[in-house]
Amino acid sequence: MINMTKLKLAIQKSGRLHEDSMNLLKECGISINNGVNRLKAEASNFPLEVFFLRDDDIPQYVEDGVADIGIVGENVVLEKEKKVREVEKLGFGKCRLSIAIAKEKSYNTSKDLEGMRIATSYPVIVRKFLEKNNIQAEIHEISGSVEIAPGIGLSDCICDLVSSGSTLFMNGLKEAEIILRSEAELISGKELKEEKEELLKKLRFRIQSVKKAGNNRYILLNAPNDKLDEICHLLPGMKSPTVLPLAEEGWSSVHSVVNENDFWGIIENLKANGAEGILVIPIGKMVL
Ligand code: PRT
Ligand code: ZN
């Protein structure tokens, strides 16, 4: 089919979100034939075209319909204020947009920002934060190396992205207040044609299956039959655990799914209830 509709996806060309975005596609079973330094690539097994762009430009391209959907940090989406839909959080590219000040200065509440000069690459988000909290302060927009601004006397504090905090630390600054928690998200144009909307639905279904699988583990264990009730109670599973008799009399094999967050607590309780030979296996996809 020559005129088959394709969904056009914009992702970051290079930088912190590039690899995770490509990996997500791969985990969704979508292969991209990406030549080095190319602007555009096609998927061989899903009606998808991928554009490689600077992250800052992605919301505009999606608003204009040059791309139908995009993967970009929520921080960029909020800063650019383009007319796009936030479709799905993706769980990577996590960071905080925070106010930071010299480590020897005191900071108790956002009111301490009153009258300060704030250097940032996020003037829109910072302005909204100041307005919401009824603070008068001066915003200095700079495009890079924001963390050096206080040191050279350009500002009293900064508002910048933080992940490990080591950039702030190396520049004698401390994180004073988080104004936004951000992660990469899938965005789309406000209105897509019906066929594209259908493709987006298929893609979202795959993304959700990958995300769910990532948070869950398959667990197998041996349980003495007289403890089965307690052990099954600890393992709700998707419907209920699978229980199979072992060759050795009086014992069963129990299979289930556990969430990563509850994992260690559950393992301890299982052991306390006589479970043995516990195996935990990653799950590739999860379709509920
Ligand atoms: O070239 P292009 O414009 O596409 O890329 P870029 O340089 O503008 O962006 P890039 O690749 O640095 O970041 C892309 C996105 O990753 C951001 O928009 C965020 O959504 C997300 N992200 C996650 C981060 C960070 N973590 C992060 N730590 N973006 C930037 N940083 C920077 C921060 O600005 C600071 O300079 O890393 C430094 C702080 O890191 P720590 O670990 O020292 O605290
Ligand atoms: Zn950028």
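The shell around ligand 1 is made up of 11 polar, six charged and five nonpolar residues. This is a predicted model.

**Shell around ligand 1**
- In total, 22 residues surround ligand 1.
- The closest of them are Arg54, Asn75, Ser164, Gly165 and Thr167.
- Three elements each give the shell at least two residues: α3 (74–80), β9 (157–162) and α5 (166–170).
- β9 makes the largest contribution, with three residues.

**Polar contacts and cover**
- Thr167 places a polar side-chain atom 2.5 Å from an oxygen atom of ligand 1.
- For Arg54, an N or O atom of the side chain lies 2.8 Å from a ligand 1 oxygen.
- Asp55 has a polar side-chain atom 2.9 Å from an oxygen atom of ligand 1.
- On its own, ligand 1 has 840 Å² of accessible area, and the protein covers 78% of that.

**Overall fold and dimensions**
- The protein contains 15 strands and eight helices.
- Its radius of gyration is 25 Å, whereas a compact globule of 288 residues would have one near 19 Å.
- Along the principal axes, the C-alpha atoms fill a box of roughly 75 × 60 × 35 Å.

Conventions: Residues numbered from 1 in each chain as written. Chains lettered and ligands numbered in written order. Predicted model: local features only at pLDDT ≥ 70, side-chain atom pairs only at ≥ 80, totals over all residues. Heavy atoms only, no water. Near = heavy atom within 4 Å. Polar contact = N/O pair within 3.5 Å; in protein donor to acceptor, adjacent residues only side chain to side chain. Areas by Shrake-Rupley, 256 points an atom, 1.4 Å probe, with all protein chains shown as cover. Helix = DSSP H or I, 4+ residues; strand = E, 2+ residues; numbered from the N terminus. Nonpolar A, V, L, I, M, F, W, Y, C, P; charged D, E, K, R; others polar. Rg over C-alpha atoms; globule rule 2.2 N^0.38 Å.
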